[in-house]
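Work through the exercises below with the sequence and the model side by side. Try each task before reading its solution.

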Amino acid sequence: MNVPAAWYLVLAAGLFGIGAFGLLTRRSALIMFMCIELMLNAVNLTFVTFSRTLNDISGQAIVFFVMVVAAAEVTVGLGIVVSVFRRRSSTSVDELSELKG
Amino acid sequence: MIAAAYTTPSVLVFATSALLILVGAIGVIAVKNPVHAALCLIMTLIGVAVAFVAQSADFLAAVQIIVYAGAIVVLFLFVIMFLGVDRREHIHFEPLVGQRAFAAVGVAITVGGLIALMAKSHWVSGATSVTTKLSAGSGNVHELGTAVFTTYLFAFEATAALLIIAVVGAVLLARRERPIQSEKEA
């Protein structure tokens, strides 16, 4: 018998929390993207766990789509990071303050 | 006590994946060098792939390794090398006073709330096997393919459009300025 689903759900919650903490505290845009990937992976793990618990393939299909969207998001996001870096030689999000009143 | 209730291999697999996931995740947010953070991210992704295999999501585990660890992290590393931003960030510098404490409190409330909800209530309340039943091994790939190309066909076609748009957008964002001049030179 496999371990109970709650163990994987708690693990996913912990992973999500670590990713959220990193997103809130780190200043480099690249590291913030990595933290978003951590949070997406936590949600994927939750989907797969519920898919196993409900004995239904839909959860895994949704994870497949989440992975595609994550790939698209990283592609565009890193394009933005590269173009911002060209203009100001930094990836720190604190220095992007032109709209500050 | 735990090992008596559940078979030891599954507990060992869970412990392995939990260790890989948590150590890698803490590494991502704690190390200074972005290259090391990307390598820690690979560790977490492999841990998630182990958890996928343990829960009979074989195809997703393979995709996790190939797409995430293979493509996305390589893209991260490529950008890090391309920009040369390693060893820049001062990790202990706090631009907003108390930001770290507020973040820790907020995250603790969120995660604690999730776990408390899970302990108090029965989360899994939906009908089982609405789309297709799960099966282990290669049957899993067959079922996932059937679900994606029948039930989720529209979403699948939409992801094709999404990927094309993302690639075009990334090329437009990251291309050099004054492309006309560079065409004349070439």
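**Exercise 1.** Give the order of the elements of chain B from the N terminus on.

*Solution.* Read from the N terminus, chain B runs α-α-α-α-α-α-α-α. The count is eight helices and zero strands. The model is a predicted one, in which local features need pLDDT of at least 70 and side-chain atom pairs count only at pLDDT 80 or more, while totals for chains, interfaces and linings use all residues. Residues are numbered from 1 along each chain as its sequence is written, and chains are lettered from A and ligands numbered from 1 in the order in which they are written.

**Exercise 2.** Describe chain A: its elements, its extent and its buried share.

*Solution.* Start with the elements: chain A has three helices and zero strands, in the order α-α-α. Next, the extent: along the principal axes, the C-alpha atoms of chain A fill a box of roughly 55 × 25 × 25 Å. Last, burial: 54% of the 101 residues of chain A count as buried. A residue is buried if 20 or more other C-beta atoms lie within 10 Å of its own, exposed if 12 or fewer, and partly exposed in between, with C-beta atoms placed from the backbone. In chain B, buried residues make up 23% of 186.

**Exercise 3.** How many residues of chain A are in contact with chain B, and which helix of chain A gives the most?

*Solution.* Two residues are in contact if their C-beta atoms, placed from the backbone, lie within 7 Å. By this rule 65 residues of chain A are in contact with 72 residues of chain B. On the chain A side, α1 (5-25), α2 (29-54) and α3 (58-88) each supply at least two residues. The most come from α3(A), with 21 residues. Sorted by class, that side of chain A has 40 nonpolar, 19 polar and six charged residues. In this sorting Ala, Val, Leu, Ile, Met, Phe, Trp, Tyr, Cys and Pro count as nonpolar, Asp, Glu, Lys and Arg as charged, and the others, Gly among them, as polar.

**Exercise 4.** Which residues of the largest nonpolar core touch the most other members?

*Solution.* A nonpolar core is a set of buried Ala, Val, Leu, Ile, Met, Phe, Trp, Tyr and Cys residues joined through C-beta atoms within 7 Å. The largest has 63 residues, and those touching the most other members are A:Ala12, A:Leu15, A:Leu30, A:Met34, A:Leu45 and B:Val28. Two or more residues come from each of α1, α2 and α3 of chain A and α2 (8-30), α3 (34-54), α4 (58-83) and α6 (138-149) of chain B. The largest share, 14 residues, is from α2(A). Take A:Leu15 as a case: leaving out residues up to four places away in sequence, A:Leu15 touches A:Leu38, A:Asn41, A:Ala42, A:Leu45, B:Ile21 and B:Ala25.

**Exercise 5.** Where does A:Asn55 lie, and what is its phi?

*Solution.* A:Asn55 lies in the loop between α2 and α3 of chain A. Its phi is near 55°, a positive value in a residue other than glycine. Most residues other than glycine have a negative phi. A:Asn55 is partly exposed because 14 other C-beta atoms lie within 10 Å.

Note on methods
Helices (H or I, at least four residues) and strands (E, at least two) are DSSP runs, numbered from the N terminus.
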